[in-house]
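Hello,

Here is the structure I promised to pass on. Please open it first, then read my notes below.

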Amino acid sequence: MNEICEVSGQSSGRTIDVVHASLIRRRRAEKRFRLYGLVSIVLGLCFVAILFASIIARGYTAFQQTSIGLDVYFDPELIDPEGRRDPVTLMEGDYDRLLKNTLSSMFPDVKARQEKGALYRLLSSAASYDLRDQVLANPELIGKIVRVWVPADDDIDMFVKGQLPRTGAEGERRIKDLQVAWIDKLEAEGRIEKSFNTAFFTSGDSREPELAGIWGAVMGSLFTLLVTLSLSLPIGMAAAIYLEEFAPRNRWTDFIEVNINNLAAVPSIVFGLLGLAVFINFFGLPRSSPLVGGLVLSLMTLPVIIIAGRSALKAVPPSVREAALGVGASSMQTVFHHVLPLAVPGMMTGAIIGMARALGESAPLLMIGMVAFIVDIPRGVLEPATVLPVQIYLWADSPERAFVERTSAAIIVLLVFLIFMNGLAVYIRKRFERRW
Amino acid sequence: MQKSTLLFLLVLLSAAAYHLGRRRSLQIAGGTVRNLHSLPSYYGYFAALWCGFPALLVLFLWIAFENSIVIQLVLSSLPKELTSASADRLGLLINDIRNIASGAVTGEPDPAIKAAAKHYLSLKETSNRLLSLLAISIAITGAAYARQRISQEFRARNQVEKSVTIFLIGCSTLAIFTTIGIVLSVLFESIRFFKEVPITEFLFGLNWSPQMAIRQDQVGSSGAFGAVPLFLGTLLISAIAMVVAVPIGLLSAIYLSEYAGPKFRAAAKPLLEILAGIPTVVYGFFAALVVAPFVRDLGVRFGLDVSSESALAAGLVMGIMIIPFVSSLSDDFINAVPQSLRDGAYALGATQSETIRQVIIPAALPGIVGGVLLAISRAIGETMIVVMAAGLTANLTVNPLAAVTTVTTQIVTLLVGDQEFDSPKTLAAFALGLVLFLVTLALNVIALHVVRKYREQYE
């Protein structure tokens, strides 16, 4: 408004004209400013949309897996030469040969060694285990010809899903012309089918994309979060209660508060260094275990839970406390019988948000060795495990084309978990929130 | 007895002690609660505490020290020539003994080791028996002691409340212990690092190549641990992130709090906050797979030489991640500006944007600056995005199109994978961690101080 005063100080024209003239400019500036704000919000929303769209577009195909239908002759010579249906013998049968024989009989004109190799590579390297499991479950199959659906190799899977090129210089393609012809033939015979990818949800990690699943990581995340929750929730609630209800205002409590606020802003990777130096090197806890991961994450989420818990306690009106004290309750009884029950929904909301953050955290877990390649599904907090975000990191580093789709699918699963947890927090807040 | 069974048993015993204590108090009072100092349940809690707490303490201490003591005993029983080996060999030996004891035998083990494994198992067995006996007898003694103390005048409530207070205080001091733990853990390893590499060289050296240092075996003189390129790379990426996040975050906060209608605000705000809830590993994947190729293609179209791991891509995505952080903090501070200031400006004839630019922003500036400082500290400490999307080689450059590496990326690459714990390579990670901790701590302290001062101003 300085300019206006200066302009009106000049003698030319009436003040009102000057104001009118400047008004147009000022209104334009107003509109412009408003537009900047709108544009930045739209930009932010666009980023959200692009992020989700790019991940879903890349990942949704991973929920299907291509399998190939083969008419396998369960040759007794190969899998049960003694004819006794003994499980030990059946375990050691040459199921690989069964598959190879089947493929050779389907494509009799494939003779050259290299071509045969390419033909066998249509199938996943785990296809023979599938056959073995089927025979073990149902020995009646032996000696019969049965149509069996086995998983296709990851490159074939990608090709069928249209993510690998059909045409172009053959040298640059993962799928050669010969394989394209075979696939076309199989497809024409109705032997190629896309079905729901159960392996993705039920198996552990694997070097073969078509076998890799997230179940191991999900269990690892579950155990880690269990440790985190069982430590950080009681400790965080206790700390919040003390600081909000009992602590005298002095230097000591100020110091504690400064510490909590600082810890909330310390980079997560530093907590990983702490876990490595203290829990693993000093206390000798097992590396890569959900126990150590949970300890580190609970130290990280503790400030979140304490801060949320304190604001929940602060929201309980003093009249509740005064009434309880007035009828003769001790201060401890006041807090535990009257204040705390009213603050619990707010504390739970904070705890769930803290857990959601812990679920998505990966940097500190890299430090304590949860990045190992682990095939087995963990069954306890002391066994080596990995967690969902770290699994995503590991897969994102893998060169195979098929892992891109699986990484995106794992991200979708992780986001679904997070949306569910945050939705729960919002629900609890809406359902139990009391305005005083 | 298994330790989990023992734990369960102790809990059961405490529950029994609760009932005993409660019953005893009622018995003493002759059935009328009025004769007691405290409510009967407090006598129960008192008994349960005396029963459970000392026994649990013993249990946890036992678990903490059992392994090392058993291993020492086993080692002392081994023949001299086996135990005189170096620390590494000794560790392997201990592992062997444990593996054999747990039944995972590979090959035909040395008879001495086999005997040691047997000894180990029997010691474990004895230790478990001793622990069970000790813990249960302590629990029963505690309960008996508590029962004997119960009388009509006994102030059980005060005793119980005192122990609860001690527990609460203990929990709230954990934050301090965590900070101390962080400081000590990075400090000790860093001091060991600075014994091998002078601190001035680490802070001011221009050349960073930790892999070379091990091979050439000339750590001190090779100049491979100069961290300046890392600091510069971190600053470059954080600066790009801030250039993205601060204007977008601030303007959207202004729009949402000053212009937007309640419906638009209710829809847009949570949508924008989704960005804050997305795990950083997802951002990393997004940066490496979508943004980095996009930036490179764009650069190629304009005839620029863009690295596939350009600082620009990582910084852009990091900026997107920080937008909601900046916007929600600024939103708080803008809303904290009293309405009277706005009304005053409107009364003088200012338009809304003039009010915002010349009254509200200056009034909220300290808070916004504090928020931006917090955002910078978050950008500096962000790990997954840069690990997945930024480069690994240390380049001393401020060109946003080139690949740079950051402090956090180097910490991860130095510590993930095979570790030799005494090599300067792994110790360097802790030195970097110390720098990271100190810098973010300083930023946080300043920011929190500024924010606090600002809040007080308008309260």
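**What I found**

Start with Pro293(B), which sits in helix α12 (residues 280–301) of chain B. Helices here are DSSP runs of H or I with at least four residues, strands are E runs of at least two, and both are numbered from the N terminus. This is a predicted model, in which local features need pLDDT of at least 70, side-chain atom pairs count only at pLDDT 80 or more, and totals for chains, interfaces and linings use all residues. Residues are numbered from 1 along each chain as its sequence is written, while chains are lettered from A and ligands numbered from 1 in the order in which they are written.

Is Pro293(B) buried or exposed? Pro293(B) is exposed, because 12 other C-beta atoms lie within 10 Å. The cut-offs are these: buried takes 20 or more other C-beta atoms within 10 Å of the residue's own, exposed takes 12 or fewer, and partly exposed is in between, with C-beta atoms placed from the backbone. Pro293(B) and Ser310(B) are 17 residues apart in sequence, and their C-alpha atoms are 9.6 Å apart in space.

**Chain B as a whole**

Chain B has 18 helices and 0 strands. Its radius of gyration is 32 Å, well over the 23 Å that the globule rule gives for 459 residues, so chain B is more spread out than a compact globule. That radius is taken over C-alpha atoms, and the rule is 2.2 Å times the number of residues to the power 0.38. The C-alpha atoms fill a box of roughly 80 × 75 × 40 Å along the principal axes. Of the 459 residues, 42% count as buried.

Chain B has two assigned domains: domain 1 (3–154) and domain 2 (219–458). Such bounds come from an automatic or database domain assignment. The C-alpha centres of these two domains of chain B lie 49 Å apart.

Chain A is divided into domain 1 (2–60), domain 2 (64–201) and domain 3 (215–432). The C-alpha centres of domain 1 and domain 3 of chain A are 42 Å apart.

How many residues does each chain bring to the contact? Chain A gives 64 and chain B gives 69. Two residues are in contact if their C-beta atoms, placed from the backbone, lie within 7 Å. On the chain A side, helix α2 (residues 15–59) gives the most, with 17 residues.

Best wishes
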